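Please look over the structure shown here before reading on. The report that follows moves from single residues to the chain as a whole.

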Amino acid sequence: MRRRLTGVGLLAAAGVLALAVPAQAATGVLVVNGVAHENPPRGCYSTTSPVTIENFTDSQVLVHAAANCQGPVTAEVAPGRSAHTFGASYFVF
């Protein structure tokens with residue numbers, strides 16, 4: 001019985017730690033249509049089309065054809081690169 005309670009306690013602690021980890025942010029500056037975003041958090045963002053992305057972060061950025069990061073990827077912008085493409089949203093990793 002004691003062994004079972006210890007196992008349940010360990011699982012609960014692991015779950016709390018997993019939820020407590022902050023979301024990762026890209027380190028650096030991401031310039032989208034001339035607007036600089038310092039250390040942008042991981043996630044999906046809307047934009048206007050056409051879009052120009054200048055990636056001065058340490059993370060990859062994907063530009064999607066549709067809103068909410070749906071539809072085909074129109075550009076993959078690696079760290080240190082830039083792209084001018086059509087798209088309605090972009091995802092920062």
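## A predicted chain, part by part

Asn-33 has its place in the loop between strand S1 (28–32) and strand S2 (35–38), where helices (H or I, at least four residues) and strands (E, at least two) are DSSP runs numbered from the N terminus. The model is predicted, so local features need pLDDT of at least 70 and side-chain atom pairs count only at pLDDT 80 or more, while totals for chains, interfaces and linings use all residues. Residues are numbered from 1 along each chain as its sequence is written, and side-chain values use heavy atoms, with hydrogens and water left out.

Asn-33 is not a glycine, although its phi is positive, at about 50°. With a relative accessibility of 34%, Asn-33 is partly exposed, given that buried means under 20% relative accessible area, exposed over 50%, and partly exposed in between (1.4 Å probe, protein chains only).

The side chain of Asn-33 is joined to that of Thr-47 by a polar contact of 3.2 Å. A polar contact is a pair of N or O atoms within 3.5 Å; within protein, one must be able to donate a hydrogen and the other to accept it, and residues adjacent in sequence count only if both atoms are side-chain atoms. Thr-47 itself belongs to the loop between strand S3 (43–46) and strand S4 (51–57), and it is buried, at 17% relative accessible area. If neighbours within four places in sequence are set aside, Thr-47 is in contact (heavy atoms within 4.5 Å) with Val-32, Asn-33, Gly-87, Ala-88, Ser-89 and Tyr-90. The loop between S3 and S4 also holds Pro-50, and the peptide bond that runs from Ser-49 to Pro-50 is cis, with omega near 0°.

Asn-55 is found in strand S4 and is buried, its relative accessibility being 0%. Its side chain reaches the backbone oxygen of Val-77 at 3.0 Å. Apart from residues up to four places away in sequence, Asn-55 touches a set of residues that includes Val-29, Leu-30, Val-77 and Arg-81. Between the C-alpha atoms of Asn-55 and Ala-36, which are 19 residues apart along the chain, the separation is 9.9 Å.

How many disulfides does the chain have? The count comes to one disulfide, the term meaning a pair of cysteine sulfur atoms within 2.5 Å. That disulfide joins Cys-44 to Cys-69, with 2.1 Å from S to S, and the link is right-handed, with 105° about the S-S bond. It ties together distant parts of the chain, since Cys-44 is in strand S3 and Cys-69 in the loop between strand S5 (61–64) and strand S6 (73–77), 25 residues apart. Cys-69 also has a positive phi, near 55°, in a residue other than glycine.

A search of the whole structure finds two aromatic pairs; rings of Phe, Tyr and Trp (its six-membered ring) pair if their centres lie within 6.5 Å, and planes under 30 degrees apart count as stacked, over 60 as edge-to-face and the rest as tilted. In one of these, the rings of Tyr-45 and Tyr-90 have centres 5.4 Å apart and planes at 25°, so the pair is stacked. This pair links distant parts of the chain, with Tyr-45 in strand S3 and Tyr-90 in strand S8, 45 residues apart.

The table lists the accessibility of the residues in these two links.

| Residue | Relative accessible area | Class |
|---|---|---|
| Cys-44 | 36% | partly exposed |
| Cys-69 | 14% | buried |
| Tyr-45 | 26% | partly exposed |
| Tyr-90 | 5% | buried |

### Core and chain

In soluble globular proteins, nonpolar side chains tend to be buried together. The largest nonpolar core here has twelve residues, among them Leu-30, Ile-53, Val-77, Ala-83 and Tyr-90; such a core is a set of buried Ala, Val, Leu, Ile, Met, Phe, Trp, Tyr and Cys residues joined through side-chain atoms within 4.5 Å. Two or more residues of this core come from each of S1, S4, S5, S6 and strand S8 (89–92). Leaving out neighbours within four places in sequence, Ala-83 is in contact with Val-51, Thr-52, Ile-53, Ala-75 and Val-77.

Taken as a whole, the chain has one helix and eight strands, in the order α-β-β-β-β-β-β-β-β along the sequence. Of its 93 residues, 29% are buried.
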